[in-house]
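Reader: I'm new to this one and would like to know what lies behind the labels. Could you take me through them?

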Amino acid sequence: MTTSSPRSVYFLSLSSTLLLLLATGCGSADDSNARLTGAVTLDNQPLKNGSITFLPIDGKSATAGTTIENGEFMLVIPPGKKKVEIVGTKVVGQRRAYEGDANSPMVDITEDIVPTRYNVQSDITVDVTSGENHEVFALTSN
């Protein structure tokens, strides 16, 4: 039996929210939105896989988020001051999706690699302005 850590549950919840936002078309490119590109490193190495979410501090605009691939991200986002949450995992092994079933497909076992101070406990903020924006987030494990 596998137990889930609070961070794993948070990551799954965040991933579901991001998929819902993408499916509903949140963050369409219009004149009132900004284009935000950026980079995320962990201990001076690009964060290979993860997600980044921007939550409006004033609560008046939409939350926006996207995936991080090879340390880079891009999204269209409403301007304003945002709280930033970054999540990242790495594959540490595989297991059968259904224990005891020899025909069960294999699924990845992942481990959270971004400390909670960058997601659940984040105090990172950015001020996104209309037009082109670029942010770099240099995270550390320690």
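Reader: Why is Glu-72 called exposed?

Author: The label follows from cut-offs: buried means under 20% relative accessible area, exposed means over 50%, and partly exposed is in between, using a 1.4 Å probe and protein chains only. Glu-72 has 55%, so it counts as exposed.

Reader: Where does Glu-72 sit, and what is it in contact with?

Author: Glu-72 is in strand E5, residues 72–77. Helices (H or I, at least four residues) and strands (E, at least two) are DSSP runs, numbered from the N terminus. Setting aside neighbours within four places in sequence, Glu-72 is in contact with Gly-38, Ala-39 and Thr-67; contact means heavy atoms within 4.5 Å.

Reader: How do you know which parts of the model to trust?

Author: This is a predicted model, in which local features need pLDDT of at least 70 and side-chain atom pairs count only at pLDDT 80 or more, while totals for chains, interfaces and linings use all residues. Residues are numbered from 1 along each chain as its sequence is written, and side-chain values use heavy atoms, with hydrogens and water left out. As for pLDDT, it is the predictor's confidence in each residue, from 0 to 100. The protein's mean is 85, and 78% of its residues reach 70 or more. Over residues 18–29, though, pLDDT is below 50, and that stretch has 16 contacts in the model beyond near neighbours in sequence.

Reader: What makes a group of residues a nonpolar core?

Author: They must be buried Ala, Val, Leu, Ile, Met, Phe, Trp, Tyr or Cys residues, joined through side-chain atoms within 4.5 Å. The largest one here has 21 residues, and Val-40, Ile-52, Phe-54, Phe-73, Ile-86 and Phe-137 have the most contacts inside it. Its largest share, four residues, comes from E1. In general, nonpolar side chains in soluble globular proteins tend to be buried together.

Reader: Why do Phe-54 and Phe-73 count as buried?

Author: Phe-54 has a relative accessible area of 0%, and Phe-73 is at 4%. Each value falls below the burial cut-off, so both are buried.

Reader: Why is the pair of Phe-54 and Phe-73 called tilted?

Author: Rings of Phe, Tyr and Trp (its six-membered ring) pair if their centres lie within 6.5 Å; planes under 30 degrees apart count as stacked, over 60 as edge-to-face and the rest as tilted. Here the centres are 6.0 Å apart and the planes are at 45°, so the rings of Phe-54 and Phe-73 pair and the pair is tilted. This pair links distant parts of the chain, with Phe-54 in strand E3 and Phe-73 in strand E5, 19 residues apart. Ring pairs also link Phe-54, Phe-73 and Phe-137 into a cluster.
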